[in-house]
Amino acid sequence: VQTKKNIGFVSQIIGPVLDIKFPDGVLPPIYSAVRIETADGIGNIVEVQQLLGDNKVRAVSMRSTDGLKRGVEAVDLGTPICVPVGITTLGRIFNVIGEPVDEQGDV
């Protein structure tokens, strides 16, 4: 369990691929989820795919990166992307990050 937030900053954006620098040198493991707050307030979840060295990771965005700018804060969530499972999810439709998209309310 993480007690201190591991905060980095977006250093490069090429399509859905982002490079994120963590100045403290504590890099999230591969497949970790990182949350990036966007101007629209929805936020974006990215998944770490590669450790680049020089305190940087390469991640793939699960949403559009339109409007995202370099220097935006990125918070390591300390866990992989998780989706709900169980009886309440049967017959429901979810997006890639586990949010219901079938307009039937929360799970």
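User: What should I know about the numbering and the model before I start?
Analyst: Residues are numbered from 1 along each chain as its sequence is written. The model is predicted: local features need pLDDT of at least 70, side-chain atom pairs count only at pLDDT 80 or more, totals for chains, interfaces and linings use all residues, and side-chain values use heavy atoms, without hydrogens and water.

User: How many helices and strands does the chain have, and what makes a run count as one?
Analyst: The chain has zero helices and six strands. Helices (H or I, at least four residues) and strands (E, at least two) are DSSP runs, numbered from the N terminus. The pattern along the sequence is therefore written β-β-β-β-β-β.

User: How do you know that β1 and β2 pair?
Analyst: Two strands pair if DSSP finds at least two bridges between them. Strand β1 (residues 6-14) and β2 are joined by five bridges, so they pair. They run antiparallel. Phe-9 stands opposite Lys-21 in β2. Two residues lie between the strands of this hairpin, and Gly-15 in the turn has a positive phi of about 60°.

User: What other strands does β2 pair with, and how many bridges are there?
Analyst: β2 is joined to β5 by five bridges, and the two run antiparallel. Val-17 has Val-60 in β5 as its bridge partner.

User: Why is the contact between Asp-19 and Arg-58 called a salt bridge?
Analyst: A salt bridge is a side-chain nitrogen of Lys or Arg within 4 Å of a carboxyl oxygen of Asp or Glu. For Asp-19 and Arg-58 the N to O value is 2.7 Å, so the pair qualifies. The pair links distant parts of the chain: Asp-19 is in strand β2 (residues 17-21), Arg-58 is in strand β5 (residues 56-61), and they are 39 residues apart.

User: Why is Asp-19 called buried, and what is Arg-58 called?
Analyst: Buried means under 20% relative accessible area, exposed over 50%, partly exposed in between (1.4 Å probe, protein chains only). Asp-19 has 6%, so it is buried. Arg-58 has 29%, so it is partly exposed.

User: What makes Asp-54 and Lys-21 a salt bridge?
Analyst: The N to O value is 3.9 Å, so this pair also meets the cut-off. Asp-54 is in the loop between β4 (44-53) and β5, Lys-21 is in strand β2, and 33 residues separate them. Asp-54 has a relative accessible area of 59%, so it is exposed. Lys-21 has 29%, so it counts as partly exposed. Asp-54 also takes a positive phi near 55° in the hairpin of β4 and β5, which has two residues between the strands.

User: How many salt bridges are there in the whole structure?
Analyst: The search finds five. One of them joins Glu-99 to Arg-63, with the closest N and O atoms 2.4 Å apart. Glu-99 is in the segment after β6 (73-80), Arg-63 is in the loop between β5 and β6, and they are 36 residues apart. Glu-99 has 33% relative accessibility and Arg-63 has 27%. Both values lie between the two limits, so both residues count as partly exposed.

User: What makes a set of residues a nonpolar core?
Analyst: The set must hold buried Ala, Val, Leu, Ile, Met, Phe, Trp, Tyr and Cys residues joined through side-chain atoms within 4.5 Å. The largest such core here has twelve residues, among them Val-10, Phe-22, Ile-36 and Leu-68. β2, β3 (32-36), β4 and β5 each give two or more residues to this core.

User: What does Leu-68 touch?
Analyst: Contact means heavy atoms within 4.5 Å. Leaving out residues up to four places away in sequence, Leu-68 touches Ile-13, Leu-18, Ile-36 and Thr-38.

User: How much of the chain is buried?
Analyst: Buried residues make up 29% of the 107 residues.
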